[in-house]
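Welcome! Have the sequence and the 3D view open side by side, and follow along as we walk through some features.

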Amino acid sequence: MAKHRKPTLDRRQVAAEILKHRGDALVVPGLGAPTWDTAAAGDHALNFYTWGGMGGAAMIGLGLALAQPKRRVLVITGDGELLMGLGSLATLGVQQPRNLAVIVIDNEHYGETGMQQTHTRLGVDLAGIAKAAGFRASGTIYGGAQLKAWIPRFYRQPGPVFADIKVTTQSAPLVLPIREGPALKNRFREALLGAKAFE
Amino acid sequence: MHRVLSEQRVRQVSYVPDSGHARLINLVRADRSMRAIPLTTEEEGVALAVGAWLGGEKSVLLMQSSGAGNCINMLGMVNECRVPLLALVTMRGHWGEFNPWQVPMSQATVPSLEAIGVVVHKVEHAAEVEETVAAAGRLAFNTCRAVAVLISQRIVGAKQFK
């Protein structure tokens, strides 16, 4: 197993840097800190914040990407959330959605539930798994320059694209977006589909 | 069932392998207006349906009753968000079953699905399948709810271990 490399990036800065370039992209943040990070980068009707359904973020992204092939879809989730739905990487690999990127903000710990180490701290290589599952681009990101080089790929490279971004365990102030399910769903669908959302 | 899904303009059909659904899966795979999406576990199809609906498409999940338990927490998201989901479930562990390990989940299928807010329609006879799937689809997509059609092992037949 490779020697552990200490993460240095800050999760909030990473999320803000990525989302600064979002344009008309559709964003699915995984539950917990990635939802707070996405909200902190600026609330948006085309964010479908998840507050539950752990392990489902990548699959929500797939359903959305297939339904909206002309729009870019970003799933921004955590290492624990993705580990709970690891099989979904295989399902995404089979479907090959060209407009989907799965981005893991990986602090190698379960930050919402007691800071226990996740499998990624113990040697599991998510980018390697994604690559083996058939993602067209996959990498682990440790530094700011590397992140900068990857950001255009999140939005433009034919997907599925996968990135595991290593961040510190430094926690940031809670930024809580709206949380009622129907409100989130209706806000998102109205922004995307217009009046058809309520047919 | 394929005709009903087509009439109701279902676009994303997710499934885990199932001999009871084998013919439907083949029809979906051959239908250019539908996307066949094989899953590694049933709950993926529940989350997929959320994304599909957010994007303006209808999704259906094909599975066996053995997988109902896998879906429970993800169905909580569907329930909270009022996302329509149609699940077509072939029963295992029931009529004429040989494999004892299938029986507990079979017994728990209806109570666990109902406990997480899924409307359950049971079908015991082949002649009722089409109208039940159609009614379940209308209920799901018109009222934004999760609806499961449980198709009896009496119709699909118990797996033969020989």
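Let us start with a pair of helices: α3(B) passes α4(B) in a left-handed crossing. A crossing is called left-handed if the near helix is turned anticlockwise from the far one by less than a right angle, and right-handed if clockwise. Helices (H or I, at least four residues) and strands (E, at least two) are DSSP runs, numbered from the N terminus.

Before going further, a word on the source: this is a predicted model, in which local features need pLDDT of at least 70, side-chain atom pairs count only at pLDDT 80 or more, and totals for chains, interfaces and linings use all residues. Residues are numbered from 1 along each chain as its sequence is written, while chains are lettered from A and ligands numbered from 1 in the order in which they are written.

**Two helix pairs**

In chain B, the axes of α3 (residues 42-54) and α4 (residues 72-81) come within 8 Å and cross at roughly 25°. The axes are lines fitted to C-alpha atoms, for helices over the stretch in contact, with angles from 0 to 180 degrees between N-to-C directions. That angle is why α3(B) counts as roughly parallel to α4(B) (angles under 35 degrees are roughly parallel, over 145 roughly antiparallel, 65 to 115 roughly perpendicular and the rest oblique). On the α3(B) side, the contact is made by B:Glu43, B:Val46, B:Ala47, B:Ala49 and B:Val50; on the α4(B) side, by B:Met74, B:Leu75, B:Met77, B:Val78 and B:Cys81. Two residues are in contact if their C-beta atoms, placed from the backbone, lie within 7 Å. Sorted by class, this contact has nine nonpolar, no polar and one charged residues. Here Ala, Val, Leu, Ile, Met, Phe, Trp, Tyr, Cys and Pro count as nonpolar, Asp, Glu, Lys and Arg as charged, and the others, Gly among them, as polar.

A:Leu89, A:Ala90 and A:Gly93 of α5(A) meet A:Ile129, A:Ala130 and A:Ala133 of α6(A).

**Where the chains meet**

How many residues of chain A are in contact with chain B? There are 27, and they touch 28 residues of chain B. In chain A, α3 (57-67), α5 (87-95) and α8 (181-193) each supply at least two residues of this side, and α3(A) gives the most, with eight.

The largest nonpolar core has 99 residues, and B:Ala49 and B:Val50 are among those with the most contacts inside it. B:Ala49 touches residues including A:Gly63, B:Val78 and B:Leu85.

**Backbone details**

| Residue | Phi | Loop in chain A |
|---|---|---|
| A:Gln96 | about 50° | between α5 and β3 (100-106) |

Are they buried or exposed? A:Gln96 counts as partly exposed because it has 13 C-beta neighbours inside 10 Å, whereas A:Glu108 is buried, with 21 other C-beta atoms within 10 Å. The cut-offs are 20 or more for buried, 12 or fewer for exposed, and partly exposed in between.

Finally, a cis peptide bond, with omega about 5°, joins A:Gly159 and A:Pro160. A:Pro160 sits in the loop between α7 (144-156) and β7 (161-166).

Definitions and conventions:
Core = buried A, V, L, I, M, F, W, Y, C linked by C-beta atoms within 7 Å. Lists of a residue's contacts leave out its neighbours within four places in sequence.
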